[in-house]
Number of protein chains: 2
Amino acid sequence: MKKSVTIYDISKKLNISAATVSRALNNHPKISQKTKELVLSAAKELNYIQNTLAQSLKSGKTNRVGIIVPYINSSFFSSVIRGIEEELTPHGYHVIICQSHEDVNLEKKQLSTLLNAQVDGIFMSVSKTTEDTKHIENAKSKTPIIFFDRKKDIAGISTVVIDDYKAGYLATEHLIEQGCRKVCHLLGDLRLEIYQNRYNGYLDALKDNGILLNKDYVIPIESSVEDGIEATKKLWKLASPPDAIFSASDYAALGVCQELRNNNIRIPQDVTVIGFSNEPFTQYMELPISSVDQTPDIMGKISAQVFLEYINENFSGISIEKKVVLNPQLYIRESSKRK
Amino acid sequence: MKKSVTIYDISKKLNISAATVSRALNNHPKISQKTKELVLSAAKELNYIQNTLAQSLKSGKTNRVGIIVPYINSSFFSSVIRGIEEELTPHGYHVIICQSHEDVNLEKKQLSTLLNAQVDGIFMSVSKTTEDTKHIENAKSKTPIIFFDRKKDIAGISTVVIDDYKAGYLATEHLIEQGCRKVCHLLGDLRLEIYQNRYNGYLDALKDNGILLNKDYVIPIESSVEDGIEATKKLWKLASPPDAIFSASDYAALGVCQELRNNNIRIPQDVTVIGFSNEPFTQYMELPISSVDQTPDIMGKISAQVFLEYINENFSGISIEKKVVLNPQLYIRESSKRK
DNA sequence: TTGTATGCGTTATCAG
DNA sequence: CTGATAACGCATACAA
């Protein structure tokens with residue numbers, strides 16, 4: 001290891017005490033201007049860097065937060081992370097990223113490593129396989145935790161999500177407004193609340209518009225192009241294929257569009273399509289695909305704000321639990337625009 | 001602050017010394033099995049978590065690395081980060097992410113904060129505005145630095161990049177092989193080596209095929225759809241518009257395709273197009289766009305390996321400098337496939 | 001096999 | 001305004 005320069009080295013060079021050096025470095029009011037300048041220039045000369053490790057050990061604050069997401073390289077999650085980072089950096093916080101790979105065991109491990117690292121807070125979106133939440137409930141007594149997007153209902157944990165129910169409702173309603181009655185839904189993994197909520201929104205929108213649910217029109221999918229293609233094949237084997245598709249995933253929606261095109265079924269004239277997440281590609285297609293935007297940047301920024309509030313209020317001994325619900329944004333594009 | 005449980009609490013509870021607790025926790029060979037079990041169960045009972053801060057302060061190793069990228073939410077960078085994370089996590093390392101926003105001043109700040117955090121190494125892709133590299137040369141004496149993709153030539157700093165020259169050469173050659181002679185290039189920001197190299201590859205491919213450079217065919221762009229559209233408009237005002245376009249950016253390539261389609265110019269019959277980066281959307285288009293893949297996952301993993309090697313070799317006092325150059329992968333799709 | 005003492009680099013407290 | 005000292009939580013050299 002390279003031996004690092006400490007305040008002690010500076011104090012020796014200047015023949016003053018380490019305490020004074022520390023104070024000068026921290027711009028303490030009761031240190032003479034002259035000493036401050038002396039210390040600062042000596043620090044520069046010796047190429048001194050502060051050891052935040054020692055600082056943190058002393059203060060009990062690391063100015064670091066952890067984020068646990070299933071995967072970092074998805075448009076949605078990386079945008080949320082960016083939002084958190086940009087909101088927190090000006091406050092002197094650093095961000096540690098972990099991936100759970102949708103595996104609850106890895107999630108547990110990451111969580112405990114973050115606790116070991118003494119992070120001042122943890123942002124997380126649970127994995128698909130997270131059913132038992134003991135590890136999270138346990139962690140929450142150690143450090144504030146904030147769920148974003150994929151949450152679990154745990155007392156004392158703040159959450160920042162979008163209104164997936166409303167999103168599902170609006171998307172479905174929009175398709176109905178285009179004159180469609182045979183609206184089907186490509187259903188996401190029900191182990192996650194978000195997909196259940198989108199589904200519920202779909203169901204209620206049908207009901208409110210006097211449309212009976214056709215169970216053949218609900219097809220479970222993974223978020224992939226292939227599953228969209230498969231689902232479409234299944235649907236067009238039915239006696240009465242649909243005239244509208246609300247997919248809980250943009251990738252599946254893309255698969256739908258590809259398969260329909262291959263079969264010379266016209267979008268939106270024969271079938272309207274809307275996806276979910278507003279992935280970049282949806283707007284770039286020759287036939288742009290409608291989608292629901294989850295405003296990940298805002299979600300990240302608000303999550304960060306909730307954390308900062310928590311930190312402040314906690315100093316005055318108050319413990320809070322915030323539930324922020326953001327509004328989904330419909331982006332209506334060619335794939336569902338008949339009028 | 002919640003007062004945290006320490007080895008001292010365990011030692012008091014068990015009436016043994018803190019040193020013994022520490023050793024038991026670390027599975028020291030000379031501690032009796034009985035004591036170990038006692039300590040472990042007491043630790044569980046008290047909900048003890050190790051303070052890695054103190055550990056790091058003592059050992060001089062934090063098991064943390066930093067990554068500085070212009071933006072985290074781009075397909076390329078988030079994939080590299082994912083690669084690094086996945087390679088390093090099994091070795092017990094954590095990853096701290098910073099964004100420079102293409103701003104050298106922010107980059108400097110991030111760099112120094114990472115140094116303060118005593119990271120064991122730093123991975124970085126320099127910002128566009130990074131000309132003076134004193135801050136990096138300075139940092140390299142404190143901790144190992146590894147450049148990926150966007151590098152600067154600094155002695156003693158290992159780099160992992162793709163062969164952008166070759167990529168530019170191959171892409172251009174491919175267009176020529178399709179029968180095109182009027183090949184133009186949408187040129188990226190020359191402050192970055194990568195774009196200079198792609199350009200050089202383009203130039204040499206022209207030369208080697210006996211094509212004279214037409215300076216009107218080289219148009220500087222930012223990586224955006226709009227710039228691709230603008231460039232196309234300019235090109236088609238020329239007396240002799242091109243019959244092939246090699247864009248240093250997929251987004252600009254997309255703009256090109258959109259603008260050409262709006263003007264009923266056929267791809268690839270009238271014009272062939274190839275982009276760069278293999279952004280997800282390129283393969284999803286109705287007319288899929290050819291592109292050059294930078295294998296970001298591999299780049300991340302190799303960067304991590306270079307770091308790990310460095311850590312190991314450095315223990316034996318050897319200092320190394322590795323220059324890894326990866327092969328670009330051409331993905332030839334409809335937009336440039338004539339044969 | 002276990003205990004004692006010390007130091008990692010910093011800051012806060014108490015003197016002066 | 002500045003100095004001496006203790007403490008943050010842990011690991012290790014040295015003793016026992």
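User: Leaving aside neighbours within four places in sequence, which residues is His185(B) in contact with?
Analyst: This is a predicted model. In it, His185(B) touches Tyr199(B), Tyr202(B), Tyr217(B), Val218(B), Ile219(B), Phe246(B) and Ala248(B), with neighbours within four places in sequence left out.

User: Is His185(B) buried or exposed?
Analyst: His185(B) is buried, with a relative accessible area of 0%.

User: And which strand does His185(B) lie in?
Analyst: His185(B) belongs to strand 6 of chain B, residues 183-187.

User: How many residues of strand 6 of chain B are buried?
Analyst: 5 of the 5 are buried, so strand 6 of chain B is largely enclosed by the rest of the structure. Val183(B), His185(B) and Leu187(B) are on one side, Cys184(B) and Leu186(B) are on the other, and both faces are covered.

User: Why two sets?
Analyst: In a regular strand, side chains alternate between the two faces of the sheet.

User: Which residue stands opposite His185(B) in strand 8 of chain B?
Analyst: Phe246(B) stands opposite His185(B) there. Strand 6 and strand 8 (residues 244-247) of chain B run parallel and are joined by 4 bridges. Strand 6 of chain B is also joined to strand 7 (residues 218-220) of chain B, again in parallel, by 3 bridges. In strand 7 of chain B, Ile219(B) is opposite Leu186(B).

User: Over to chain A. In what order do the 4 strands of the open sheet come?
Analyst: The order is 7-6-8-9, and the pairing is parallel. Strand 7 (218-220) and strand 9 (272-274) of chain A are the edge strands, each pairing on one side only. From one strand to the next the twist averages 15 degrees.

User: Which helix packs on the sheet and touches strand 7 of chain A?
Analyst: Helix 9 (residues 193-208) of chain A does, and it also touches strand 6 and strand 8 (244-247) of chain A. The direction of helix 9 makes about 170 degrees with that of strand 6 of chain A. Helix 11 (residues 250-262) of chain A lies across strand 6, strand 8 and strand 9 of chain A, at about 155 degrees to strand 9.

User: What about strand 4 of chain A, which residues point which way?
Analyst: Ile145(A) and Phe147(A) point one way and Ile146(A) and Phe148(A) the other, and all are buried. Strand 4 of chain A pairs with strand 3 (residues 121-124) of chain A in the parallel sense, over 3 bridges. Ile146(A) is the bridge partner of Phe123(A).

User: Different topic. How many disulfides over all chains?
Analyst: A search of the whole structure finds 0. For Cys257(A), the nearest cysteine sulfur is that of Cys184(A), 12 Å away. Cys257(A) is buried at 8% relative accessible area. For Cys98(B), the nearest cysteine sulfur is that of Cys98(A), 15 Å away. Cys98(B) is buried too, at 0%.

User: Last one: at what angle do helix 1 and helix 3 of chain B pack?
Analyst: Helix 1 (residues 7-14) and helix 3 (residues 33-46) of chain B pack at about 115 degrees, with their axes 10 Å apart. The crossing is right-handed.

User: Which residues make the contact?
Analyst: Helix 1 of chain B supplies Asp9(B), Ile10(B), Lys13(B) and Leu14(B). Helix 3 of chain B supplies Leu38(B), Val39(B), Ala42(B), Ala43(B), Glu45(B) and Leu46(B). The residues of this contact divide into 7 nonpolar, no polar and 3 charged.

Terms used:
Residues numbered from 1 in each chain as written. Chains lettered and ligands numbered in written order. Predicted model: local features only at pLDDT ≥ 70, side-chain atom pairs only at ≥ 80, totals over all residues. Heavy atoms only, no water. Disulfide = S-S within 2.5 Å. Buried < 20%, exposed > 50% of the residue type's maximum accessible area, 1.4 Å probe, protein only. Helix = DSSP H or I, 4+ residues; strand = E, 2+ residues; numbered from the N terminus. Contact = heavy atoms within 4.5 Å. Axes fitted to C-alpha atoms, helices over the stretch in contact; angles between N-to-C directions. Left-handed = near helix turned anticlockwise from the far one by under 90°. Nonpolar A, V, L, I, M, F, W, Y, C, P; charged D, E, K, R; others polar. Pairing = 2+ DSSP bridges.
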